[in-house]
Amino acid sequence: MRLGIYPGTFDPITNGHIDIIERSILLFDKVIVAVTTNPAKSPLFDIDERIEMIESSVKMMRNVEVDSFDDLLVNYALKKQATAIIRGLRATSDFEFEFQMALVNRKLSNKLVTVFLMPNEKYTYLNSTIVKEVASFHGDVGRFVPSEINKKLIEKFKHN
Ligand code: ADP
């Protein structure tokens, strides 16, 4: 079975992430969206909220599971017997960091391949940080995230 692990912070999941998940299920028998619990990132949404938001966004997709991990990504992926790590590449600005991470992960385990997928160009400018920034000022992010996520963001920032 070809298992892909799509790791990230997903704070919150956006239409860009969903585009990558939709592409990855064409390549793998199963995809695990793996949410990092790393508190160093000081996420807006706690781990349970992020998982719940991803679950609501992928419920129509068979073969997609949501999980969390606090381990080294490579160790987590090996434990799951994954075939590959999936990452999204938006622009050249992503490249340097992703290149470094992929090569370090390859040094840590040559059993794992990192696969980069490019989203539809309409999502290349999108990330969770900009979505939170706009939502915090009550801007409309309805085109950037699924409607359930939009509701959560409105709720989160209603007292701002
Ligand atoms: P991280 O904190 O690991 O960057 P993110 O949740 O921001 O976690 O992103 C997880 C993965 O999804 C990364 O590979 C990132 O490049 C990719 N990604 C994020 N936003 C988009 C987008 N709009 N289009 C394509 N890939 C994206």
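The model is predicted, so local features need pLDDT of at least 70 and side-chain atom pairs count only at pLDDT 80 or more, while totals for chains, interfaces and linings use all residues. Residues are numbered from 1 along each chain as its sequence is written, and side-chain values use heavy atoms, with hydrogens and water left out.

**The ligand and its surroundings**

- The ligand is surrounded by 17 residues, each having a heavy atom within 4 Å of it, and the closest are Y6, T9, K41, G88 and L126.
- By type, the residues of this shell divide into seven nonpolar, five polar and five charged, where Asp, Glu, Lys and Arg count as charged, Ala, Val, Leu, Ile, Met, Phe, Trp, Tyr, Cys and Pro as nonpolar, and the others, Gly among them, as polar.

- In polar contacts (pairs of N or O atoms within 3.5 Å), an oxygen atom of the ligand lies 2.6 Å from a side-chain N or O atom of Y6, and an oxygen atom of the ligand lies 2.7 Å from a side-chain N or O atom of K41.
- L126 takes part through its backbone, with an N or O atom 2.9 Å from a nitrogen atom of the ligand.
- Taken alone, the ligand exposes 550 Å², of which the protein buries 89%, with areas computed by the Shrake-Rupley method using a 1.4 Å probe.

**A salt bridge between separate parts**

- The count comes to 12 salt bridges, each being a side-chain nitrogen of Lys or Arg within 4 Å of a carboxyl oxygen of Asp or Glu.
- One of them joins R2 to D29, whose closest N and O atoms are 3.5 Å apart.
- Because R2 lies in the segment before β1 and D29 in the loop between α1 and β2 (30–36), this pair ties together parts that are 27 residues apart in sequence; strands (E, at least two residues) and helices (H or I, at least four) are DSSP runs, numbered from the N terminus.

**The loop between β1 and α1**

- F10 lies in this loop, and its phi is near 50°, a positive value in a residue other than glycine.
- P12 also lies in the loop between β1 and α1, and the peptide bond from D11 to P12 is cis, with omega near 0°.

Technical notes: A polar contact is a pair of N or O atoms within 3.5 Å; within protein, one must be able to donate a hydrogen and the other to accept it, and residues adjacent in sequence count only if both atoms are side-chain atoms.
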